[in-house]
Amino acid sequence: MKARLQTTLQAAVKTLPLDQSWAFTLSSRLLSLMGMVIVVAMLPWLSGQDPALALLRARYSEQNPTPETLNAIRESLGLDQGPMALMLSWLKGLLHGDAGVSWVTGKPILGDMLSAAGVSLTLMGFALGVSFVLALLLCIPTIRRGLRGQAYRSSGAFAVLLTALPEFVLASMLLLVGSVWLGWLPTYGWKGISYVVLPALALAIPTAGYLGRLLSDNIAQVFTEAWVATWSVAGVSRWHIVLAVLRRALTTVLPMIGLTIVALTGSVVAIEKIFAIPGIGRATLGAAVSKDVPSLQLGVLFMLVFAFFIGMLVNVLKAMILGQALRQGAMPIPKEADVILAKSTRLIPVLCLLLLVVMTCAGIIRDPYSVEFMRLQAPSLALPFGADAMGRDLLARLAHGSFYTCVLAIVVALVSLLLGFVIGQFPRLMAGPIEVANALPPILSGLLVAAVYGPGLVGASIAVILVSWAPLAAHASALTAEVKARPYVQMLPLIGVGVIRRNVFYVFPAVIKPLLRHAMLRVPGIALTLASLGFLGLGAMPPSPEWGRILAEGLPYIERSYWVVLAPVSALALLSVLAVSTASAFGNRR
């Protein structure tokens, strides 16, 4: 009977319209790409400002905006034809190898943008190589325990600390130590291999922490599957078991790796700006700021094409590694109850929470706005965290800003979790929007939202939500596909279990736990994204004590007064460790 049921299931799976599903996914990607290009093309009009006036201010800041001058600009650039006609003209020229000319410089843009894209891809390639090595090193304790028969899952505190480091602050610290203090490496530019080291490290360290944590969790889960014990008893060498476990663990993490690679296009913007690297991120950000629509369109198009290529490559790799098991419904079932947590897992969140509460209670009675101390005064007993550049108490500002940063980051993460979970149930339909959302850097998303709603905490939160749901949706899609491919789930319809009951009682509970852990892992990243938007003037406005604003205000003084950066970075690190270690301690009880 069991063999007959399995044969029936395999025959049913083989009859699925695979060609139609691939065409459906491709159509979703193409429609999303077209929608994004239209939105970007209409940005000058969505902002409510006259594009001709914005362009005049970019080219000739001192010239009077007379009606004659503005009309001349509209006629010369075709602005009088409207956004749709202008966009269609640009796409037609692009098909013939002509991307148009810059609205600001008046020069052709295709050659320069292709060169900038090559620079960014080179930088990202070095960063990915370093991040993968570091991520594997973070997984060594889990692998060693797993080979001894223990499904060990650490608290991941060190990995989360790496993830909590903001790229722009880390880059500034590396620049300060490696270039200014030690003089080992060049400070800025792009002239040789030595110019790659510091930018690649600044990109690789946070990425390695994120990938290392996800991969470690999945490796621990794979070691609970029955085939690992069978291989060990059969005398298979440890090296072959490790390779097989890594291969199996990559199937779930692979979509997040792909999205992480694409997300580097957003992270590279700040790095290229700090190190003055002529890459695609810096060029696109400059085009967005200066309202150079042709350059902005081409930069976004390059990012989206790169995202689509990575998305398709990830799908092909996953099909090569695990395609047969998914098609035949033969996915191994992990024994989640056998996972052994580190002893410190339940202690770490308590310590982090205690430190945050002590900091908040100690500073909440202080005034975060009054100027009572010397500028950049060093820490002391009366002033534990020192003073900022205006002479305000940093402890008071961090305590009062904990609501803005902690609560807002958690709310954004939960909203993104809800969106990602729902959208992840329709992977083929939403493949395009997922890749578009992840390919759009938060900085550009913030610029788009600020152009319509103006800067502020609400606008920054919307901008972050617009891009933060994509990795969670990809993870939800991968988890749902694997759970549905398990034999007991595929047999449920044969015993009369309907689709709704199957999803509510069997599929969704198995998906939501690891997805919640993933969402909590992203809390520090969300907080840091809000901080980066505040750094660019798109988030909280002065004199708000939001942690990102405090970090942005202290960054210019990092060389002579390191405490103005150390205090908010330490608070963000505590928040990140608290979020993930809490999910580990209470989301996986034995």
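Trainee: Leaving aside its neighbours within four places in sequence, which residues is Thr 207 in contact with?

Mentor: This is a predicted model, in which local features need a pLDDT of at least 70, side-chain atom pairs count only at pLDDT 80 or more, and totals for chains, interfaces and linings use all residues. Residues are numbered from 1 along each chain as its sequence is written, and side-chain values use heavy atoms, with hydrogens and water left out. With contact taken as heavy atoms within 4.5 Å, and with neighbours within four places in sequence set aside, the partners of Thr 207 are Ser 131, Thr 260 and Leu 264.

Trainee: Is Thr 207 buried or exposed?

Mentor: Thr 207 lies in helix H11, helices being DSSP runs of H or I with at least four residues, numbered from the N terminus. Buried means under 20% relative accessible area, exposed over 50%, and partly exposed in between, using a 1.4 Å probe and protein chains only. Because its relative accessible area is 8%, Thr 207 is buried.

Trainee: Which backbone oxygen lies 2.9 Å from a polar atom of the side chain of Thr 207?

Mentor: The side chain of Thr 207 has a polar atom at 2.9 Å from a backbone oxygen, and the residue supplying that oxygen is Leu 203.  The helix holding Thr 207 is H11, and the oxygen asked for is that of Leu 203.

Trainee: Where does H11 bend?

Mentor: H11 covers residues 197-222 and spans 35 Å from its first C-alpha to its last, close to the 38 Å expected at 1.5 Å a residue, where the expected span is 1.5 Å times one less than the number of residues. The bend, which is the angle between axes fitted to the seven residues ending at a position and the seven starting there, comes to about 25 degrees, with Pro 206 following within four residues, and its position is Ala 204.

Trainee: How many of the 26 residues of H11 are buried?

Mentor: Across the protein, buried residues make up 53% of the 590 residues. H11 is mostly covered, and its buried residues number 24.

Trainee: Which helix has the highest mean pLDDT among the elements of the protein?

Mentor: The pLDDT is the predictor's confidence in each residue, from 0 to 100, and the protein averages 74. Helix H1 (residues 2-14) has the lowest mean among the elements, at 42, while the highest, at 88, belongs to helix H7 (residues 110-138).

Note on methods. Helices (H or I, at least four residues) and strands (E, at least two) are DSSP runs, numbered from the N terminus. A polar contact is a pair of N or O atoms within 3.5 Å; within protein, one must be able to donate a hydrogen and the other to accept it, and residues adjacent in sequence count only if both atoms are side-chain atoms.
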